[in-house]
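This note sets out some points for a reader who is new to protein structures. Please keep the model in view while reading the numbered paragraphs.

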Amino acid sequence: MMGRKFSRRSLMEFPILLVHTLFLLLFPLPLLSEHDNFVRQPAGQLIITPHQRSHSDPQQVHISLVGKEKMRVSWITEAKHAESVVEYGTESGEYSAKSTGEHTSYRYFLYNSGKIHNVVIGPLKPGTTYFYRCGGSGPEFSLKTPPHNFPLEFVVVGDLGQTEWTASTLKHVESREYDVALLPGDLSYADSQQPLWDSFGRLVEPYASKRPWMVTEGNHEIEIFPIIYPQPFQAYNARWPMPFQQSASTSNLYYSFQLVATHVIMLGSYTDFHAQSQQYNWLRSDIANIDRAKTPWLIVLLHAPWYNTNEAHQGEGESMRQAMEQLLYNARVDLVFAGHVHAYERFTRIYDNKVDSCGPMYVTIGDGGNREGLALMFKNPPSPLSLYREPSFGHGRLRIVNETHAHWSWHRNNDTDAVVADGVWIESLSSSQACSIQQDAPNEEL
């Protein structure tokens with residue numbers, strides 16, 4: 001992938017990687033799970049994607065939705081004098097509009113990030129291809145805005161990483177059109193080795209620069225060291241800013257966005273979620289402001305699954321489920337996507353560990369291509385709540401056809417070509433007479 005030619009900057013990164021690796025060996029990160037006695041299939045080889053442009057040229061370009069009819073363009077330059085500006089238009093090489101943004105950077109042990117640029121462009125017309133250039137130099141990129149009406153297609157892929165399996169997943173994703181990518185955490189698997197964040201950004205740039213990538217955090221984004229770096233998510237928050245302010249959230253770790261009569265909520269599994277927490281109160285308020293008559297589809301993403309019959313990571317999402325499940329059930333959430341477990345599993349509609357036709361359909365899709373391999377062992381006998389489960393790499397697609405029906409499919413990429421191994425039609429709960437929206441009752445424990 002990307003050849004084997006390394007720039008001077010790339011060669012300079014290897015000593016930093018070695019230092020970080022030595023530090024991790026001497027001071028390992030605390031384990032987040034006590035249930036790691038499962039067997040993983042050997043993962044694909046790690047891909048290091050070098051920087052092959054000039055210091056002032058943009059690299060690691062990716063886009064995200066931010067408010068109505070706008071997008072954020074994010075990129076990094078090694079040159080500190082590079083401007084945070086994006087020129088764009090609907091004709092290649094002809095830029096009729098220009099936006100200026102802001103920049104940031106961060107330091108982590110011996111590593112100093114490049115200049116991280118963020119520029120919001122728009123208003124943009126729906127379903128339109130735009131050509132754009134970052135910082136006034138370098139290559140031209142193109143993006144396509146989501147449609148104004150249904151159908152709307154999401155790609156869902158978790159625990160992506162940067163291995164040969166990752167490259168396979170991304171190739172299969174791009175083989176068919178989609179509108180927005182949803183990633184439920186564990187992006188780069190840098191695990192404090194900051195140059196791997198840069199390598200990941202270069203690897204995904206050909207894809208993330210064309211369609212909006214909306215992400216939430218996983219455990220591999222935490223990156224803390226007691227006393228020295230006690231603040232988590234430093235690299236994640238700097239590199240992947242999401243539109244949390246637009247949904248009245250106070251944290252980049254949880255937010256929501258609206259697109260074509262669909263409301264998507266991105267929750268944080270690794271920040272406080274108890275009934276007195278800011279995230280809980282934000283979620284409660286966000287749900288209360290949704291008009292399901294105008295927004296028939298409600299989707300939630302988080303990292304640690306609430307329901308899981310794999311031997312891996314058993315019970316790690318249970319406390320969050322107990323805290324928040326009733327909010328999602330009362331709001332008639334249609335689907336909940338999670339990652340963390342490196343396998344695919346689709347459940348029936350559930351509430352409180354029981355089949356419930358008015359509960360969300362739960363899907364675990366932590367099989368994007370991570371470096372740790374697959375979680376091969378499922379619990380037996382199978383739970384009646386679990387309808388399909390398979391430890392293979394792949395990605396999912398949610399195609400919302402109209403206000404009442406959507407189709408979910410899981411595409412296995414163990415094969416040369418992506419194969420649709422699982423699929424199901426889904427009816428929106430807002431269209432079900434038996435599942436009227438429940439008002440959230442006051443919490444007597446508050």
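Is Asp-191 buried or exposed? Point 3 gives the reply.

1. Basis of the note. This is a predicted model, in which local features need pLDDT of at least 70 and side-chain atom pairs count only at pLDDT 80 or more, while totals for chains, interfaces and linings use all residues. Residues are numbered from 1 along each chain as its sequence is written, and side-chain values use heavy atoms, with hydrogens and water left out.

2. Overall composition. The protein has six helices and 26 strands; helices (H or I, at least four residues) and strands (E, at least two) are DSSP runs, numbered from the N terminus. Of the 446 residues, 58% are buried. Buried means under 20% relative accessible area, exposed means over 50%, and partly exposed lies in between (1.4 Å probe, protein chains only).

3. Arg-371 forms a salt bridge with Asp-191, and their closest N and O atoms are 1.9 Å apart. The two residues are 180 residues apart: Arg-371 is in the loop between β21 (361-365) and β22 (374-375), and Asp-191 is in the loop between β13 and α3 (195-208). Asp-191 is buried, its relative accessible area being 10%, whereas Arg-371, at 38%, is partly exposed. The term salt bridge denotes a side-chain nitrogen of Lys or Arg within 4 Å of a carboxyl oxygen of Asp or Glu.

4. In the pair Arg-176 and Glu-153, the closest N and O atoms of the salt bridge are 2.7 Å apart. Arg-176 belongs to the loop between α2 (164-174) and β13 (180-183) and Glu-153 to strand β12 (residues 152-156), so this pair ties together parts that are 23 residues apart in sequence. Glu-153 is buried at 4% relative accessible area, while Arg-176 is partly exposed at 40%.

5. Glu-318 and Arg-321 both lie in helix α6 (residues 318-330), three residues apart, which is about one turn of the helix. Their salt bridge has its closest N and O atoms 2.7 Å apart. Glu-318 is partly exposed, with 25% relative accessibility, and Arg-321 is buried, with 5% relative accessible area.

6. The salt bridges together. The structure holds 15 salt bridges. What do shared partners join into one network? They join Glu-153, Arg-176, Arg-397 and Arg-399.
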